[in-house]
2 protein chains.
Amino acid sequence: MDAEAIKRSLEGSGLRCTAQRYAVMEFLMDHKGHPTAAEIFEAVNHVDPRSSRATTYNNLRDLVKAGLVREVAVEGRAGRFDLQGMRHHHFICDRCGNVEDMEWFDVPRPASRSLGKRIVRECHLIFRGLCPKCAQRSASR
Amino acid sequence: MDAEAIKRSLEGSGLRCTAQRYAVMEFLMDHKGHPTAAEIFEAVNHVDPRSSRATTYNNLRDLVKAGLVREVAVEGRAGRFDLQGMRHHHFICDRCGNVEDMEWFDVPRPASRSLGKRIVRECHLIFRGLCPKCAQRSASR
DNA sequence: AGACAGTTTAGATTATATCTAATATAATAT
DNA sequence: ATATTATATTAGATATAATCTAAACTGTCT
């Protein structure tokens, strides 16, 4: 049934539902922790080495372009990916670089004069600080 | 006088005002366009090859840690840097990857229950879409 | 079957950033 | 002043992240 959902979202975006693409989507569905491209590639191929690194990157790019997946760039670290399911903001840990979802809420649009000739497609809030794990380690010293 | 200001901010953050560090700060002051580390290194060394790549990266990292400089990660591209002068948000162009400043405005804090045990240090809004230049090129076809 | 667009592949390549360990410099102490 | 120490810099090697290449494969349509 999830299988059908994945198939439908891929085809709805004009992408064939190939085994490799399916595997990427499935992995993201099962791992909400914002994996890196390398982790996705590793995991998907560990069991069944069907996919190459290039394909994983190609597919992630296509999925991002199609709006099914979101990439979050993190300073000095590999980019991280998650499914664009319910809208949400992000929290990035200063110490460990992990990315976590934050509840969605609307953000005020900037004054149109400050937009100038820009076309804004989305806006997205990034919180930074210490994740629960790192905050605790910090406190206990 | 700007020279003094740079010196004071460096020393106020416990960083020695070395020639290399000074040059990075000065370049960022004169180039508001969010240059990459490679661009900073290139530019600073073009006239006066005093600094190595490693030093540029080291210094940028120290300056970010000290809060004088901000790094903005961009998906699939090199990170970009700017001075942490007046608070501001950012706009990233989908097409060319350029980063622009957006006027600062306060963002509502998330409900504390959704914060959990996280410690939030800052939050920062990232707008995405087409910058003026790319928007125009898009329209004229 | 044949043609075609889209997709995948392994490996090479590029781009980005960090590490190493020797050296230099500045601040402090003697 | 000189010695001591912590901090900073360097060139080049290395690590990491992502993309490119060109050939091969797959699914769809006719």
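In the predicted model, the lining of the second largest pocket comprises B:Leu28, B:Met29, B:His31, B:Lys32, B:Asp82, B:Leu83, B:Gly85, B:Met86, B:Arg87, B:His88 and B:Asp101. The volume of this pocket is about 220 Å³. By residue class, the lining of the second largest pocket consists of 4 nonpolar, 3 polar and 4 charged residues. Two elements of chain B, helix 2 (19–30) and strand 2 (80–83), each contribute at least two residues to the lining. Because domain 1 (1–84) and domain 2 (86–141) of chain B both give residues to the lining, the second largest pocket lies between these domains.

The structure also holds 1 cavity of 30 Å³ or more. Two or more lining residues come from each of strand 5 (119–130) of chain A, strand 1 (69–72) of chain B and strand 5 (119–130) of chain B. The lining of the largest cavity divides into 6 nonpolar, 2 polar and 5 charged residues.

Superposition of chain B on chain A gives an RMSD of 0.0 Å, with a turn of 180° and a shift of 0.0 Å along the axis. The two copies are therefore related as by a two-fold rotation axis. Within chain B, the C-alpha nearest the axis belongs to B:Leu125, at 2.2 Å from it. Of the interface residues of chain B, 100% are also interface residues in chain A, so the copies meet through the same surface.

Note on methods
Residues are numbered from 1 along each chain as its sequence is written. Chains are lettered from A and ligands numbered from 1 in the order in which they are written. This is a predicted model: local features need pLDDT of at least 70, side-chain atom pairs count only at pLDDT 80 or more; totals for chains, interfaces and linings use all residues. Side-chain values use heavy atoms; hydrogens and water are left out. Copies are superposed by least squares on the C-alpha atoms of residues with pLDDT of at least 70 in both. Contact means heavy atoms within 4.5 Å. On a 1 Å grid over the protein atoms alone, a cavity is a set of points where a 1.4 Å probe fits but cannot get out, and a pocket is an open set with protein on both sides within 12 Å along at least five of seven lines; lining residues have an atom within 4 Å of a point. Grid points are joined across faces, edges and corners, and a volume is the space filled by probe spheres set on the points. Helices (H or I, at least four residues) and strands (E, at least two) are DSSP runs, numbered from the N terminus. Ala, Val, Leu, Ile, Met, Phe, Trp, Tyr, Cys and Pro count as nonpolar, Asp, Glu, Lys and Arg as charged, and the others, Gly among them, as polar. Domain bounds come from an automatic or database domain assignment.
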